[in-house]
Amino acid sequence: MEPISFASFTLASILASLPANGEVVSKPTITTHISPAIAGQWEIDLDSSITMTKEAEARQAASKQQKEKSPEPKVNADTKDGLLSQNEKRIVNIKPSSSQKLMASAAKSNQCRELYNFAADNEMWAVSGKEWTYGRYLVTHREEGLPIIALKTVYDNNEVDCSGNQIDQTDEALIAFLNHDGNQMQWCADPDGTECFMNFTRVLP
């Protein structure tokens with residue numbers, strides 16, 4: 001499993017509100033609630049090139065399209081002998097498929113898989129190769145921007161993960177902005193979702 005780094009947000013107090021295993025919470029420190037939408041099993045896409053949410057990508061594409069000229073082909077229309085005729089010129093770029101792409105798709109069957117399980121009771125456990133971790137998570141929704149997920153690793157068996165790393169993540173924490181859309185989920189570094197560093201696909205409900 002990739003090492004979890006701590007994001008420097010002022011909401012670090014969220015982690016203090018995560019109850020220990022079996023601990024009874026007598027006084028809440030902040031108003032939060034679990035998002036049942038993310039409960040289930042998720043697989044992290046380690047090879048994904050996506051770095052932003054769909055919404056942020058759409059906004060960026062719209063602003064870029066306004067600046068660029070339309071790539072539509074030129075169409076020349078004319079009348080000849082009373083009939084409308086037109087001449088259209090297109091430039092077609094066809095890239096040959098390389099053997100590297102075929103090899104990549106064949107190698108995908110043996111790719112590194114990391115599975116994350118989010119339970120409805122704030123518990124989370126993950127499996128990657130021989131490594132498995134257990135932790136607690138909390139989701140809080142804000143008035144503006146993406147909701148926030150806070151995750152703290154309580155236990156790591158310190159075995160080798162599927163990518164060959166062996167790092168004990170016990171007591172490490174992560175706070176990220178959560179973008180969830182159906183069977184896709186991203187963890188982002190900013191509230192607008194322009195810098196997303198983890199991409200998940202739902203495996204089981």
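Visitor: Hi! How many helices and strands does the secondary structure of the protein come to?
Guide: Hello! This is a predicted model, and its secondary structure comes to 3 helices and 10 strands.

Visitor: And what pattern do they follow along the sequence?
Guide: Reading along the sequence, you get α-β-α-β-β-α-β-β-β-β-β-β-β.

Visitor: What share of the residues is buried?
Guide: Of the 205 residues in the protein, 32% are buried. As for the surface, the protein exposes about 13800 Å², with carbon and sulfur atoms supplying 52% of that area.

Visitor: How much of the contacts comes from residues 24 or more positions apart?
Guide: If you take contacts with a separation of 6 or more, residues 24 or more positions apart account for 58% of them.

Visitor: Let's turn to cysteines. How many disulfides does the structure hold?
Guide: There are 2 disulfides. Counting bonded cysteines along the chain, they follow the pattern 1-2, 3-4.

Visitor: Which cysteine is joined to C112, and what is the S to S distance?
Guide: C112 is joined to C162, with 1.6 Å from S to S. The link of C112 and C162 is right-handed, with 50° about the S-S bond.

Visitor: How accessible is C162?
Guide: C162 is partly exposed, and its relative accessible area is 28%.

Visitor: What about C188 and C196, how far apart are their sulfur atoms?
Guide: The sulfur atoms of C188 and C196 are 2.1 Å apart, and the two cysteines form a disulfide. This link of C188 and C196 is right-handed too, with 80° about the S-S bond.

Visitor: Are C188 and C196 buried or exposed?
Guide: Both C188 and C196 are buried.

Visitor: New topic, rings! How many aromatic pairs does the structure hold?
Guide: The structure holds 5 aromatic pairs. One of them is Y116 with F200, an edge-to-face pair with 5.4 Å centre to centre and 90° between the planes. That pair links distant parts of the chain, since Y116 sits in strand β4 and F200 in strand β10 (residues 196-204), 84 residues apart.

Visitor: Are Y116 and F200 buried or exposed?
Guide: Y116 and F200 are both buried. Another pair is F118 with W187: the ring centres are 6.2 Å apart and the planes are at 70°, so this pair is edge-to-face.

Visitor: Where do F118 and W187 lie?
Guide: F118 is in strand β4 and W187 is in strand β9 (residues 184-188), so the pair ties together parts that are 69 residues apart in sequence.

Visitor: What relative accessible area does F118 have?
Guide: F118 has a relative accessible area of 3% and is buried. W187 counts as buried as well, at 1% relative accessibility.

Visitor: Which residues do the ring pairs link into a cluster?
Guide: The cluster is made of Y116, F118, Y137, W187 and F200.

Visitor: On to charges. What does the count of salt bridges come to?
Guide: The count comes to 2 salt bridges. In one of them, the side chains of E43 and R113 meet at 2.8 Å, N to O. E43 is in strand β1 (residues 40-44) and R113 in the loop between α3 and β4, so to speak distant parts of the chain, 70 residues apart.

Visitor: How accessible is R113?
Guide: R113 is partly exposed, with a relative accessible area of 42%. E43 counts as buried, at 17% relative accessibility.

Visitor: Which side chain does R136 meet in a salt bridge?
Guide: R136 meets the side chain of E123, at 3.4 Å from N to O. R136 lies in strand β6 (residues 131-140) and E123 in strand β5, so the pair ties together parts that are 13 residues apart in sequence. At 10% relative accessibility, R136 counts as buried.

Visitor: Last one: which residues form the nonpolar patch on the surface?
Guide: The patch is formed by W125, V127, W132, V154 and Y155, with about 460 Å² of accessible area together. Strands β5 (123-128) and β7 are the elements that give two or more residues to the patch.

Visitor: How accessible is V154?
Guide: V154, which lies in strand β7, is partly exposed, with a relative accessible area of 40%.

Methods
Residues numbered from 1 in each chain as written. Heavy atoms only, no water. Disulfide = S-S within 2.5 Å. Buried < 20%, exposed > 50% of the residue type's maximum accessible area, 1.4 Å probe, protein only. Patch = residues over 30% accessible without salt bridge, like charges linked within 9 Å, V, L, I, M, F, W, Y side chains within 5 Å. Areas by Shrake-Rupley, 256 points an atom, 1.4 Å probe, with all protein chains shown as cover. Salt bridge = Lys/Arg side-chain N within 4 Å of Asp/Glu carboxyl O. Helix = DSSP H or I, 4+ residues; strand = E, 2+ residues; numbered from the N terminus. Contact = heavy atoms within 4.5 Å. Phe/Tyr/Trp six-rings, centres within 6.5 Å; stacked < 30°, edge-to-face > 60°.
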